Amino acid sequence: MKQNVLLLAATTSLASGRPQYGTPNPHEWIPGGPHDFRGPCPMLNTLTNHGFLPRDGRNFTKANVIKGLGDGLNFDTTLAGIMWDQAIIANPEPNATFFTLEQLNVHNVLEHDASLSRTDAAFGNNHVFNQTVFNTSKAWWTDEVVTAKQLAHSKIFRQLVSRAENENYTFSASTEEFSLGEVAAPIIAFGDTTAGTVPRELMVYFFENERLPEELGWSKKNASITLQTILETTAIVRNATSLLTGGETAPADPHKRRDLHSGLF
C-alpha cells in the first residue's frame, strides 16, 4: 500500500473532554454534531467519534494523530507518523502543521471515486455515509467471515459502476494504492491479517455506525500494527483483485509468444 494514517496525548484529551460533549468518558462514542467536521474516511471519523482524535474534526496535528491511532487501534508510532505525513497534503497552506477532516473532502486529493460507502463527488456528497452505495458493496460479502476475495469483488464492482456511470471517473495508479489500503483496513483493524479475513458483523457495524464494534466483543489488538502489517495485508488484497488465473508470468517480449488471443501475427 505505501499509505496513510495519523496524531498526541494532551491535545486529544483536551479535545475529547470538552464540556460540550457532555461525557466523563473520554472515549465514549458520540457522533459528530452540526458544527463538527467529518470526512470521507470511515476510520478517521470513527476514531473522532470516540474521542481518540479531536471530536470536532479540527486540528489534526502529527502528535495527536500518532497518539490517537496508537490508543484507538494500537498502530505503532512509525506507522502513524507516516500516515499523518501522507495526509497533511490535504491542508493547502505551506508548511502546514495540522489538517481537518473537512479538508479531506476535496475531490482527488485523498478522497476518490468508487468508494465502498460514499457516492462519487460528481453525484453529490462525497463524504457522508451512503447506505444505498454501501448496500451494493456489502452484497459481495456473502460469508460470516469475509475473505479478501470478497472484499476485492466489492472494490472492483464499485469501480465498474463508477466508470460506467460517472463521465468524470478518475482513478490513477496512486489512487489504486490508496484504495487497496482502504479495503485492507477492516482486516487490519478487526480481522486476521495472516488469513486476510474479517468478521462480516464487525465490519458492517463499523461502516454503518462509524463506531468501534466493542459491544460486539471487539477490542484492539494486543500486538502493535506496523508498516509491515499494512504492506502484507494490502498485498493479500492486491492479489485478490487480480482477474487473471494460473501461475505463469507474462513474457518479457510478447512477440516471442503468439497465439490467437495475442493479436500478433
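Searching the whole structure turns up seven salt bridges, meaning a Lys or Arg side-chain nitrogen within 4 Å of a carboxyl oxygen of Asp or Glu. This is a predicted model, so local features need pLDDT of at least 70 and side-chain atom pairs pLDDT 80 or more, while totals for chains, interfaces and linings use all residues. Numbering starts from 1 along each chain as its sequence is written, and side-chain values use heavy atoms, without hydrogens and water.

Select D71 and K67: their side chains form a salt bridge at 2.6 Å, N to O. Both sit in helix α3 (residues 62-73), four residues apart, about one turn of the helix. Helices here are DSSP runs of H or I, at least four residues, numbered from the N terminus. D71 is partly exposed at 30% relative accessible area; buried is under 20%, exposed over 50%, partly exposed in between (1.4 Å probe, protein chains only).

Next, pick E176 and K155, a salt bridge at 2.7 Å, N to O. This pair links distant parts of the chain, with E176 in α7 (residues 173-190) and K155 in α6 (residues 148-165), 21 residues apart. K155 is buried at 3%, whereas E176 is partly exposed at 22%.

Now go to K138 and E208, bridged at 2.8 Å, N to O. K138 lies in α5 (residues 131-138) and E208 in α8, 70 residues apart.

Show P42, M43, T46 and N49 in α2, which meet F206, F207 and N209 in α8, contact being heavy atoms within 4.5 Å.

Key:
Helix = DSSP H or I, 4+ residues; strand = E, 2+ residues; numbered from the N terminus.
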